[in-house]
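Here is a short briefing for a first look at this structure. Read the lead, then pick a topic.

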Amino acid sequence: MVSFRKKKDLLQVGAVLVMLLLLNIFSDRFFTRFDFTSEKRFTLSPITRNIMDSLQKPVEVTVFLQGDFPSGFKRLQRATRDLLDDYNAFGHNRLKVNFVDPLAGATTEQQTQILQDLQNQGIEPTNLSVKTESGLTQKIIFPAAVVKSGGRQIPVKLLQTRIGLSPEEVLNNSIQNLEYAFSSAIKKVTSGGKPRIGFTEGHHELSDLQLNDAMRSLADGFEVGRVNLKTIPFSGMEKLKLLIVPKPDQPFTELEKFKIDQFLMRGGRILWTIDPVTAELDSMRGHGGEQLAFNKQLNLDDQLFSYGIRLNFDLVADVSCAQIPVNVGNVSGQGQIQMLPWLFYPILMPLSKHPLVKNLDGIRTEFISTIDTIAVPGVKKTVLLASSPYNEKLNTPHLLSLQMLEQDVDPKTFQSPPKTVGVLLEGSFKSDFKNRPIPQGFTEKIDVLQQSKPTKMIVISDGDILKNQINEADGSPFPLGFDRYTQQTYGNKNFLLNIADYMTDDSGLINLRNKEIKIRLLNRAQIKSRKLYWQILNNALPLGILLLFGIFQQYFRRRKYAA
């Protein structure tokens, strides 16, 4: 009887071992995951799966989130690791992931050099306050990664900061953006050819130095250069995927407008960043602190109107604005510089849920104007950027003076509906040259299209939104969006990169930015009032259940073997 029972137990143990072995073999060859979260936070999108499934060469991802972090950054570290594990499951083991601490074991001199090298790669450090036994200490961390493949590399920013959000919300937004950030970078480093982006020149647009960081940042995933509309043949324009018009100051000829129009008709995408009004802070400082803001004559009004846009000749003063340094007096021969809010440098906080601007930090602008949209059949319009509700519109011509800094802002005066300053237009556009002759000087033989293929354009009433500031000491450019006076970085660069992805990619990759992870925070008041209750429940109840289980098990064993 006893030997039969032993054989039965051995058979049961053997069956369990065989099942575990088969399960291990099955799980090694086949990958699946059951995601029971309502927002499917642990499920990769079909776009990402397709990118990873089609990898033809190895990809190396280096994540600079290794070490001892506070709980928030540990959560970001864990979410990044889990996501990349999922990527690897669909990437046929072509993805190699390394988590490193770039400053570990380095001397002070070595750390300085490492810091400089990472910044040159587009990886910015973050100062973190860490609690220790001796108090608070400052620690430099790099919430970023680098994606490499085939001699190319692209930096990936993991921490998505935003003005006015709590640390929990910032962390949540960062985790939401992880899939888009990594999928976009992997696609760019593994794609065969880079889409071409051209910045126009020849109309006193922003210079190469002013566009240095914009062009350098785009160069990671695109071929970027300047385009002179006067000289470039139309066949050369057709090779562009995106045309950017960065703050022209001189009028366009009809020949140049015709080239732009037919580029759009063939499905080309356009980003217009235009100042309808001439106003510059440097000019005010050089002319006794005053300048007359007057209307620009760019000869683009009719063309933009036919596409569904009207740029108005006005300026928006906004209480939500950047600060500028002002000399407020002299003490012992030394000028006293004070930072004061300048109402004509609005900080735009994107509120739209569109993936182009979702969760972006504030965007710094200079002398913006309002935009009206015109009803055009077949064209969908989406407002991307708008002023705050505390604004005032000034019609031009208007005399601007730095003495406005001394005036107290009356909140009643600055209460007005938000003003539209950035619009996305999508659809099929009517040609501005419909039923019009081809401009004189155009010698190439092309089919003049009267209606465009489905395409997109973005119009922003600020030419300086793509301009980086210049270091006055050595003439070097600062990163796009960085304010040298306040040492604050705004969301201009991320906005430009999102625009480039959205306008050049038709796979819907940008829609990954719509991924949402709900914040389910505990009620702090209830935690405090019911702390003892939950401590007892979580500590005493499991022990009590375990004790009861032991008593009943002993009781049944005695009954079973009593005979």
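Histidine 204 is exposed, with a relative accessible area of 55% (buried means under 20%, exposed over 50%, partly exposed in between, with a 1.4 Å probe and protein chains only). This is a predicted model, where local features need pLDDT of at least 70, side-chain atom pairs count only at pLDDT 80 or more, and totals for chains, interfaces and linings use all residues. Residues are numbered from 1 along each chain as its sequence is written, and side-chain values use heavy atoms, with hydrogens and water left out.

**Backbone**

- Histidine 204 has a positive phi of about 60 degrees, although it is not a glycine.
- Histidine 204 sits in the loop between β7 (196-201) and α6 (212-218); helices (H or I, at least four residues) and strands (E, at least two) are DSSP runs, numbered from the N terminus.
- Lysine 247 also has a positive phi of about 60 degrees without being a glycine.
- The loop between β9 (242-246) and α8 (254-265) holds lysine 247, which is buried at 6% relative accessible area.
- A cis peptide bond runs from threonine 396 to proline 397, with omega near 5 degrees.
- Proline 397 lies in the loop between β20 (391-395) and β21 (398-401).

**Salt bridges**

- The structure holds 22 salt bridges, each a side-chain nitrogen of Lys or Arg within 4 Å of a carboxyl oxygen of Asp or Glu.
- Aspartate 213 and arginine 216 form one of them (2.5 Å, N to O).
- Both aspartate 213 and arginine 216 lie in helix α6, 3 residues apart, about one turn of the helix.
- Aspartate 213 is buried at 2%, whereas arginine 216 is partly exposed at 41%.
- Aspartate 483 and arginine 364 form a salt bridge (3.5 Å, N to O).
- That pair links distant parts of the chain, 119 residues apart: aspartate 483 is in strand β24 (residues 482-483) and arginine 364 in strand β17 (residues 363-364).
- Aspartate 483 is buried at 0% relative accessibility, and arginine 364 is buried at 9%.
- A network of salt bridges links Lys247, Asp275, Glu280, Arg364, Glu366, Asp464, Lys467 and Asp483.

**Cavities and pockets**

- A search of the whole structure finds 4 cavities of 30 Å³ or more.
- On a 1 Å grid over the protein atoms alone, a cavity is a set of points where a 1.4 Å probe fits but cannot get out, and a pocket is an open set with protein on both sides within 12 Å along at least five of seven lines; lining residues have an atom within 4 Å of a point.
- The largest cavity has a volume of about 110 Å³, the space filled by probe spheres set on grid points that are joined across faces, edges and corners.
- Its lining includes Arg364, Glu366, Asp464 and Lys467.
- The second largest pocket has a volume of about 540 Å³.
- This second largest pocket is lined by 23 residues, of which Gln210, Glu280, Asp282, Glu366 and Lys467 lie nearest its centre.
- Helix α9 gives the largest share of that pocket's lining, 3 residues.

**Surface**

- Leu547, Leu548, Ile551, Phe552, Tyr555 and Phe556 form a nonpolar surface patch with about 660 Å² of accessible area together.
- Such patches are made of residues with over 30% relative accessible area and no salt bridge: like charges are joined within 9 Å, nonpolar side chains (Val, Leu, Ile, Met, Phe, Trp, Tyr) within 5 Å.
- Accessible areas come from the Shrake-Rupley method with a 1.4 Å probe; for residues, only the protein chains shown count as cover.
- Leucine 547 lies in helix α13 (residues 531-561) and is exposed at 56% relative accessibility.
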